Amino acid sequence: MPIISHHLTFSFNKFSFSNSNSRFPFPNSKQFHKFPKILTVKCAQKAKRTGKLRYPSEKKKLKHQKKSQTGGANPIEGIWRLSGVGVPVNDDPGKDFLGVSAALLKEIAKIIEFPVPSMLPPEAFRVVRKSFDARKKEPKFVHTVDMDVQKLVSLVPHTREFISELEPKTGSLEFLQDDSVSGDLMSVIRNHRRIDEEDASSEKVMQSNYEIGASKLSPTRKPRVVVVGSGPSGLFASLVLAEFGADVTLVERGQAVEQRGRDIGALVVRRMLQLESNFCFGEGGAGTWSDGKLVTRIGRNNSSVTSVLKTLVQFGAPCSILVDGKPHLGTDRLIPLLRNFRQYLQESGVTIRFGTRVDDLLVKDERVTGVQISDSRGSIESSGQKLEYDAVVLAVGHSARDTYEMLLSHNVDLVQKDFAVGLRIEHPQELINDIQYSELAREVQRGRGKVPVADYQVAEYVNHKFKDTPSISEPTSRSCYSFCMCPGGQVVLTSTDPSELCINGMSFSRRASRWANAALVVTVSSKDFDALNLSGPLAGVEFQRTLERKAAIMGGGNFVVPVQIAADFLCNRLSGTPVPESSYRLGVKASNLHELFPVQITEALQRALSTFEKELPGFVSTSALLHGVETRTSSPIQITRTSDTWESTSLKGLYPVGEGAGYAGGIVSAAVDGMHAGFAVARNLGLYNGSLDSIMGKPQNVGVVKY
């Protein structure tokens with residue numbers, strides 16, 4: 001019988017011990033009257049019962065606790081997620097292995113406290129995220145793993161009782177309340193339409209007329225929608241609308257990737273810039289000839305992001321983008337993917353018109369009724385053609401400056417938006433590998449080794465005052481950070497006008513180039529525009545142009561890029577030291593880049609560079625070469641839109657989306673915004689009933705942008 005009390009107290013003044021021959025004599029009992037003492041005897045804690053040894057009442061209490069921790073779901077039938085499962089680099093098969101290794105099972109067993117790792121079947125586990133962490137003394141591949149306990153128990157029945165006793169651990173082990181995973185966009189819409197049609201069959205919702213503005217649309221005619229721009233937002237908006245049955249026309253001022261590639265080749269080899277088909281304009285948008293990054297601040301676990309990534313896989317992207325902690329495609333993979341995307345849209349009934357520029361909007365009674373187009377290659381036959389549509393999705397890129405001016409002529413509400421400008425710094429990739437990996441750098445092997453090609457991400461906040469502008473008295477805080485880091489990449493020209501010069505970075509999927517480059521940029525705002533007497537909604541555009549024209553003059557024209565050794569930039573000097581070799585193929589010229597920007601921007605860049613050198617010793621060296629100028633990090637304007645209909649606040653029927661409208665900043669965020677806009681247009685045209693939340697979850701805030 002268990003002991004109920006854990007403390008027994010004896011008072012020795014009630015007992016006397018008269019045996020003087022005792023081996024352990026006690027003091028005379030009389031002494032206790034003067035100095036009474038209490039002896040406390042502590043009994044050992046009872047052992048914790050586990051498994052079958054528990055009492056029925058204890059089992060019932062534990063079952064209640066488990067139920068509350070798992071939200072009432074059965075932990076034997078659900079998914080447990082293990083986070084932060086680290087495997088030392090020497091024990092892991094490497095970056096290209098996305099399965100469940102024996103070393104990973106060993107670490108999983110530690111987290112779930114399973115005694116025999118070899119008993120765990122790999123089939124019951126799935127790696128949902130894998131990234132490389134070289135920040136600590138022992139570099140590791142860090143995994144997020146889903147454990148299908150139903151499959152585990154079916155394969156190893158002895159684990160049932162063990163799994164039933166699992167308890168969540170903050171930060172490392174959690175039971176997924178909702179184990180549903182969103183599929184690719186086509187599957188999601190088809191499933192929704194099937195359910196929606198079943199629900200609507202009795203109500204005959206789709207037999208009613210579509211009301212658009214003051215007119216009625218015949219139920220026998222599909223709504224006609226034009227999507228302007230074939231970047232990620234335009235492609236995904238077109239895809240959604242086509243899946244819902246709209247009559248979609250996709251208009252792109254640039255060329256398809258095949259011709260666009262030839263035009264870019266002519267630019268790089270013969271310095272022939274096609275104004276409408278270049279690194280900025282054409283199928284896929286500016287991201288086609290880039291590093292093809294698929295990272296976003298929206299969140300990888302967001303259902304919309306997951307759906308976008310799975311859709312890209314359907315069109316040819318490798319499945320690794322669903323698992324890689326820093327997924328990217330590279331230009332060589334983006335080109336065939338875009339061909340597949342185009343073919344699917346055309347098979348779905350979408351009309352695609354390349355080499356077609358939208359010159360104007362057709363407006364009647366404060367509603368957009370269509371567009372006026374022309375052949376961007378200069379064909380007289382198609383100039384000034386007017387086409388009527390029920391909705392216009394404006395999915396242009398951040399370089400469509402003529403489109404912004406056209407919108408202002410219709411009094412469309414455009415507002416200034418902060419963005420960032422700066423320089424692109426280039427290092428030998430081996431130097432970055434050494435800085436980040438030390439002795440492990442030998443494992444990179446130009447993208448074919450065990451560990452990924454090293455990258456970096458740096459940031460610094462700088463406060464300063466406008467010295468030359470007394471009217472701006474308040475100190476300005478700037479964010480200085482690296483942007484669009486391209487490991488194993490090259491610096492490329494992104495100018496859309498021969499008199500202007502701006503650059504970007506790109507890389508291929510293997511990232512095998514000898515160079516690493518990244519933009520080092522600082523945020524600019526209306527205060528910077530005011531300092532140059534630039535005002536109005538397009539002040540940021542004029543600010544960009546001012547810097548790009550100055551950079552073109554510094555380079556001497558002909559698309560030669562002005563450069564400066566990073567150490568010289570910090571000292572405001574132009575030394576006689578020959579500049580290191582650059583990946584930029586149209587030529588570089590040593591220049592005083594510290595004179596390119598207003599002084600406050602130059603000082604912010606210099607202070608940030610000094611900080612980055614402390615974080616990454618060797619970052620500022622004679623082999624680090626700065627290129628100018630990087631200005632088109634994101635759109636300098638935002639076209640305001642409503643949160644309920646996603647229409648422009650100024651014109652009904654106009655849907656501004658994506659990066660050019662100021663709501664995205666990268667391939668994935670632009671795709672998500674275009675996808676959500678597609679749903680909004682389809683709902684407004686009566687193509688489906690219900691809310692976006694019911695299909696894809698809550699969309700990103702229309703006013704607060706996450707890239």
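These legends describe close-up views of one predicted protein model.

Residues are numbered from 1 along each chain as its sequence is written. In this predicted model, local features need pLDDT of at least 70, side-chain atom pairs count only at pLDDT 80 or more, and totals for chains, interfaces and linings use all residues, while side-chain values use heavy atoms, with hydrogens and water left out.

**View 1**
Helices (H or I, at least four residues) and strands (E, at least two) are DSSP runs, numbered from the N terminus. Of the 707 residues, 52% are buried. Buried means under 20% relative accessible area, exposed means over 50%, and partly exposed lies in between (1.4 Å probe, protein chains only). A contact means heavy atoms within 4.5 Å. Take the contacts with a separation of 6 or more: 73% of them come from residues 24 or more positions apart.

**View 2. Five strands form an open sheet with parallel pairing.**
Strands of a sheet pair through backbone hydrogen bonds, either parallel or antiparallel. Two strands count as paired if DSSP finds at least two bridges between them. The order here is E11-E10-E9-E15-E27. Strand E11 (351-354) and strand E27 (654-656) are the edges, and each pairs on one side only. On average, neighbouring strands of this sheet are turned by 15° against each other, direction ignored. Axes for such angles are lines fitted to C-alpha atoms, for helices over the stretch in contact, and angles run from 0 to 180 degrees between N-to-C directions. Look at strand E10 (residues 247-252): 4 bridges join E10 to E11. Valine 251 has arginine 353 of E11 as its bridge partner.

**View 3. Three strands form an open sheet with antiparallel pairing.**
The order is E12-E13-E14. The edges are strand E12 (356-364) and strand E14 (385-388). Neighbouring strands of this sheet are turned by 30° against each other on average, direction ignored. E12 pairs with strand E13 (residues 367-375) over 8 bridges. Leucine 362 finds its bridge partner in E13, at glycine 370.

**View 4. Strands E4 and E5 form a hairpin.**
Between the two strands lie 6 residues. E4 and strand E5 (residues 140-148) pair in the antiparallel sense over 8 bridges. E4 is mostly covered, with 7 of its 9 residues buried.

**View 5. Phenylalanine 419 and phenylalanine 529 are both buried.**
The whole structure holds 14 aromatic pairs. Rings of Phe, Tyr and Trp (its six-membered ring) pair if their centres lie within 6.5 Å; planes under 30 degrees apart count as stacked, over 60 as edge-to-face and the rest as tilted. Phenylalanine 419 and phenylalanine 529 have ring centres 5.9 Å apart and planes at 25°, so this pair is stacked. The pair links distant parts of the chain, 110 residues apart. Phenylalanine 419 is in strand E17 (residues 419-428), and phenylalanine 529 is in helix H13 (residues 526-531). Elsewhere, ring pairs link Phe236, Phe315, Phe341 and Tyr344 into a cluster.

**View 6. Valine 524 lies in strand E22.**
Valine 524 is buried, with a relative accessible area of 1%. Among the residues that valine 524 touches are Phe419, Phe529, Phe543 and Ile601, with residues up to four places away in sequence not counted. Valine 524 and glycine 540 are 16 residues apart in sequence, and their C-alpha atoms are 8.7 Å apart in space.

**View 7. Two arginines sit over aromatic rings.**
A charge sits over a ring if NZ of Lys or CZ of Arg is within 6 Å of the ring centre and within 35 degrees of the ring normal. Arginine 253 lies over the face of phenylalanine 281, at 4.4 Å from the ring centre. Arginine 641 has its charged end over tyrosine 663, 3.6 Å from the centre of that ring.

**View 8. Helix H12 (residues 429-437) has buried residues Gln429, Ile432, Asn433 and Tyr437.**
Seen down the axis of H12, these residues fall within an arc of 105°, so they line one face of the helix. The arc is that of the directions from the helix axis to the C-beta atoms. Their cover includes strand E4 (125-133), E17 and strand E22 (515-524). Serine 438 follows H12 and has a positive phi, near 60°.
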